[in-house]
Amino acid sequence: MVSAIILAGGYATRLRPLSLTKPKALFPVLGKPILDYILEGLENAGIHNVYLSLRVMADKILSHVDGKNVTPIIEKEPLGDAGALKFVSTQAKLDDVVIVIYGDIYSEVNFLDLLKFHAQSECPVTLLATKVNNPRRYGVLLTEDNKLIEIIEKPSNPISNLINGGVYVFNKNILNFIQGPSISRNFLPKILEKYCVSVYKYDGIWADIGTPYDYMKLNFELLGKRFPRGYISNTAKVSERATLTPPYFISDGVIIGEDSYIDSNSIIGKGSVIKNGVYIGESLLMENVLVSENSFIKGSIIADKCKIGKWNHIREETIFGEEVITHDGILINKKNIILPNKEVTESIYEEDKIIL
């Protein structure tokens, strides 16, 4: 039997302002929280003994998983990923093999294949590895014959683009050796002193939604692959006089008014309302967003429950936190970040500002 632990308790500081009000594990990817993709993957692999390690905004994740076959375990203080793993191991009835997954990682890895690889290895630990374009942000792996030699954290001059993919398989008894706050910096080096660590190389879609740019990029990548002709939920209402250029994603309960133009790479989240004459392009609107008449949004992320006034012009790389309200006739210039619950009454002409 196999247990799973999903680590979803961190602050996600690099995703602010979006993560000030929503835990990363609940960020929607094409209309579905990233946590649900993980849970579905585990379900498909027949893994039912699932634990959620929670802390920051635990109540929101608890509400989301209510009724699901998962067991939450809540930290009282920051423990790091290794500390959280150790805490769960002392609180849970784990099986002999334990798969550990970061709750902010999207992948399409087949967990059964990963577990088969682990079972055929003589090592008590298996680490999932993947290749990325910019390995400087991650733990780069030095390997030999599918065995880990060393993890080099965020190197200035990476020796390769093979990185730690944020999924592990542990034999249960090895968890007794957990030391320090970090799995990659403290625990794995300790294991390597006496044992081996296998490296499972995965070459499918993988993303760490660590920044708003990463989050948007993942959504657009999946949109192009899954719905190149566009997707409209059967519960959405789109005016026959609206123009849609694929790929686009129109979620459940969305309403799009007359003479609106939904340009390519646009994702409209659940329950959002797009009034008449609106332009949206290369943008990600989260859930329950209202965009009033004749407004223009390009290359931006708009968080839950924002209300955009009439005749707004929102430029590229702008990010709105949750429940931002803008008055009519507002211009928001490029690269501006507006924190949650802000009421914007005047245009912002400068670029690259944080609006408190």
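Is Cys306 buried or exposed in this structure? With a relative accessibility of 0%, Cys306 counts as buried, a label used for residues under 20% relative accessible area, whereas exposed means over 50% and partly exposed lies in between (1.4 Å probe, protein chains only). The structure is a predicted model, in which local features need pLDDT of at least 70 and side-chain atom pairs count only at pLDDT 80 or more, while totals for chains, interfaces and linings use all residues. Residues are numbered from 1 along each chain as its sequence is written, and side-chain values use heavy atoms, with hydrogens and water left out.

A search of the whole structure finds one disulfide, defined as a pair of cysteine sulfur atoms within 2.5 Å. This disulfide joins Cys123 to Cys196, with an S to S distance of 2.0 Å. Cys123 lies in the loop between helix H4 (111-120) and strand S8 (125-131), and Cys196 in the loop between helix H5 (183-192) and strand S12 (197-201), so the pair ties together parts that are 73 residues apart in sequence. Helices (H or I, at least four residues) and strands (E, at least two) are DSSP runs, numbered from the N terminus. Because the torsion about the S-S bond of Cys123 and Cys196 is about -115°, the disulfide is left-handed. Cys123 is buried at 2% relative accessibility, whereas Cys196, at 23%, is partly exposed.

According to an unreviewed UniProt entry, the annotation "domain: Mannose-1-phosphate guanyltransferase C-terminal" covers residues 245-353; such annotations, given in the numbering used here and with shortened feature names, may be inferred rather than shown by experiment. Over residues 245-353 the chain is 0% helix and 35% strand, and the end C-alpha atoms are 31 Å apart.

Ile256 is placed in strand S18 (residues 255-256) and, at 2% relative accessibility, is buried. Leaving aside neighbours within four places in sequence, Ile256 is in contact (heavy atoms within 4.5 Å) with residues including Lys237, Val238, Ile262 and Ile274. Ile256 and Leu188, although 68 residues apart in sequence, are 51 Å apart in space, C-alpha to C-alpha.

Lys298, which belongs to strand S25 (residues 296-298), also counts as buried, at 19% relative accessibility. When neighbours within four places in sequence are left aside, the contacts of Lys298 include Tyr279, Glu282, Ile314 and Glu317.

Ile149, for its part, is found in strand S10 (residues 147-153) and is partly exposed, with a relative accessibility of 44%.
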